[in-house]
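Load the model in your viewer and keep the selection panel open. The stops below are meant to be taken in order.

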Amino acid sequence: MSLFTEISIPQLNISYKQPLGLFINNNFVESSENEQIETVNPATGEAITKFHAASEADIDKAVAAAREAYESTWSKTSPEERGVLLGKLGQLIEQEKELLAAIETVDSGKPYYTNALGDLEQILQLTRYYAGAADKFTQGKMLPVSSDKYAYTVKAPYGVVAQVVPWNYPLAMASWKMQGCLAAGNTIVIKPAENTSLSLLYFAQLIQKAGFPPGVVNVVPGYGNVAGTRLASHPDVDKIAFTGSTAVGQKVMAAAAMSNLKAVTLECGGKSPALVFEDANLDEAVKWTAAGIYYNSGQNCTANSRIYVQDSVYEKFLAKFTSHVQETWKFGKTLDLFDQECTVGPVVSKTQYERVQGYIEHGKSTEKLSLKQMGQLSDSKGYFIKPTIFIDVPQDSKLNQEEIFGPVAVIAKFTDYEEGIALANDTSYGLASAVFTEDIRKANHFARDIKAGTVWINSSNDEEVSVPFGGFKMSGIGRELGESGMDAYLQTKAVHVNISKL
Ligand SMILES: NC(=O)C1=CN([C@@H]2O[C@H](COP(=O)(O)OP(=O)(O)OC[C@H]3O[C@@H](n4cnc5c(N)ncnc54)[C@H](O)[C@@H]3O)[C@@H](O)[C@H]2O)C=CC1
Ligand code: BAL
């Protein structure tokens, strides 16, 4: 099988050369077992192309390349040099952001103008942020101990880092992991998800063009149970960072523990609550909570998938929410992902389509819950799902307990602060949360009492590259973005200096 193919995106009048191989040592190479994966356009259900899938032996080659690059070159670079390379990468992303966004649209189903370009803007911002941070967040501390002794700390990279990323934000999740990790001075072996590998393979070329030495970044598309498992259990990987389901996060952590006790960062699932109090600006609450569940077709680990509304404004909120989604999101007005008015795309794959439809069917037929589905859906072979609302959902419903990861809002009532916060915390997850109120004291009580890594006050899902991100409870371990996103890839060495007189 060839290592490149020509792909056309007629809607933008683009034709480009798509890499299909494993990217090891700055070269695209074939899989050793000639295993291939077919990738499908979620808007049409049609195959786009096939690419090479890494075997365990390929993972070993990529890890060896990353080790060699770390020991021979990358560990000897200065933070400033790494910042300069990231700056060049930023320039290349800026030049190619329209094409990268178009690849995301075709391969993952993100509407081009309303979603995919936004991902690329964030990736650009994040790359610039870590370019500037490379020589700042790597500094250690001087620790005076006594007149005869001082100590200092050095922030040292781990060495070889494995990264496993999901399909909901293919290039953004890869960038959340890679840029800070490179700034910190590690080398990388990264595995994209099986169904959305094309953008990261294309991006690998920018890494090479920016001047990163061979082996510093290796991209190994492949199956989770082959390539992902090998990375998690590899004896020469010093750290693994993972984003995906909690079930797989647990496997990654177990494999890391049982192999070489490699360090682990996990960004897993969520079932994030939004609490809307009676004193909230309801129009704002509706706008943000709708975006917090329908943006990216609900495929957000931080989606506010549980919306609790104070009983006195519950009916009013429901009416406003429904008409807002109908009028503003206009689902189905066009199913062309390259149309400027397309806001909700398909879910990523047939598997996800069936999983989300399974939850909708369960809520409707098994639990007999009331629901509304909004917008038009003409005949389409794509994996489109209408924005859906389930109303008056009991707390013990499967829909209130499990991550649906689709455009499905679950709405229920609460009476007062105590009940609201108890419902919000009644979950094994703890990734994000939102509160809507004009009472600053109540908002800050919520921020204090909620067990979640992110709290949005009067907004939802508006992450910032400079602000740490990560979960409490079974939503994960560790933080990405901001200074924490670099610290995750640095370990502290303490140096004791004896200066007593001889
Ligand atoms: N936190 C988040 O952002 C995400 C959460 N999810 C949740 O997970 C559910 C299932 O989606 P999946 O695609 O099945 O998620 P997944 O957790 O299986 O996939 C995420 C990544 O992990 C890899 N992987 C799978 N098994 C592995 C293993 N044993 N060792 C190492 N890596 C492995 C996959 O190849 C992919 O790159 C979704 O419905 C959603 O609820 C999925 C994707 C992202
Ligand atoms: N909101 C970006 C990270 C995620 O939802 O997966």
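This tour goes through selected residues of a predicted model, with what to select at each stop.

**Stop 1: the annotated position.** Select Glu267, which the unreviewed UniProt entry lists under "active site". Glutamate 267 belongs to strand 13, residues 263-267. Its relative accessible area is 1%, under the 20% limit, so glutamate 267 counts as buried. Now show its contacts beyond four places in sequence: among them are Lys177, Phe242, Thr243, Gly244, Leu431 and Phe469. The list also includes Gly470, Gly471, Ser475, Gly478, Arg479 and Glu480.

**Stop 2: isoleucine 477.** Move to strand 23, residues 476-477, where isoleucine 477 is found. Is isoleucine 477 buried or partly exposed? At 35% relative accessibility, isoleucine 477 is partly exposed. Leaving out residues up to four places away in sequence, isoleucine 477 touches Met253, Val264, Thr265 and Leu266.

Stop 3: Select helix 4, residues 170-184, and pick glutamine 179 within it. Glutamine 179 is buried, at 1% relative accessibility. Residues up to four places away aside, glutamine 179 touches Leu86, Leu89, Ile93, Ile123, Leu126, Thr127, Tyr130, Ala174 and Phe203. Next go to glutamine 122, in helix 3 (residues 112-133). Glutamine 122 is buried as well, with 17% relative accessibility. With residues up to four places away not counted, glutamine 122 touches Ala172, Trp176, Glu463 and Val465.

**Stop 4: salt bridges.** How many salt bridges does the structure hold? There are 19 salt bridges.

- Aspartate 58 and lysine 61: the closest N and O atoms are 3.7 Å apart. Both residues lie in helix 1 (residues 56-72), 3 residues apart, which is about one turn of the helix. Aspartate 58 is buried at 1% relative accessibility, whereas lysine 61 is partly exposed at 47%.
- Lysine 110 and aspartate 119: these side chains form a salt bridge with an N to O distance of 3.0 Å. Lysine 110 has a relative accessible area of 2% and is buried; aspartate 119, at 5%, is buried too.
- Aspartate 279 and lysine 442: their side chains meet in a salt bridge at 3.4 Å, N to O. This pair links distant parts of the chain, 163 residues apart: aspartate 279 sits in the loop between strand 14 (273-276) and helix 8 (282-294), and lysine 442 in helix 13 (residues 440-449). Aspartate 279 is partly exposed at 28% relative accessibility, while lysine 442 is buried at 19%.
- The network: select Arg67, Glu71, Asp236 and Asp238 together, as salt bridges link them.

Stop 5: Methionine 142 is in strand 7, residues 142-146. With 54% relative accessibility, methionine 142 counts as exposed.

**Stop 6: cysteines.** Select cysteine 301, which is buried with a relative accessible area of 13%. Cysteine 342 is also buried, at 2% relative accessibility. A disulfide covalently joins the sulfur atoms of two cysteines. How many disulfides does a search of the whole structure find? The search finds 0 disulfides.

Notes
Residues numbered from 1 in each chain as written. Chains lettered and ligands numbered in written order. Predicted model: local features only at pLDDT ≥ 70, side-chain atom pairs only at ≥ 80, totals over all residues. Heavy atoms only, no water. Helix = DSSP H or I, 4+ residues; strand = E, 2+ residues; numbered from the N terminus. Buried < 20%, exposed > 50% of the residue type's maximum accessible area, 1.4 Å probe, protein only. Contact = heavy atoms within 4.5 Å. UniProt positions renumbered as here; feature names shortened; annotations may be inferred. Disulfide = S-S within 2.5 Å. Salt bridge = Lys/Arg side-chain N within 4 Å of Asp/Glu carboxyl O.
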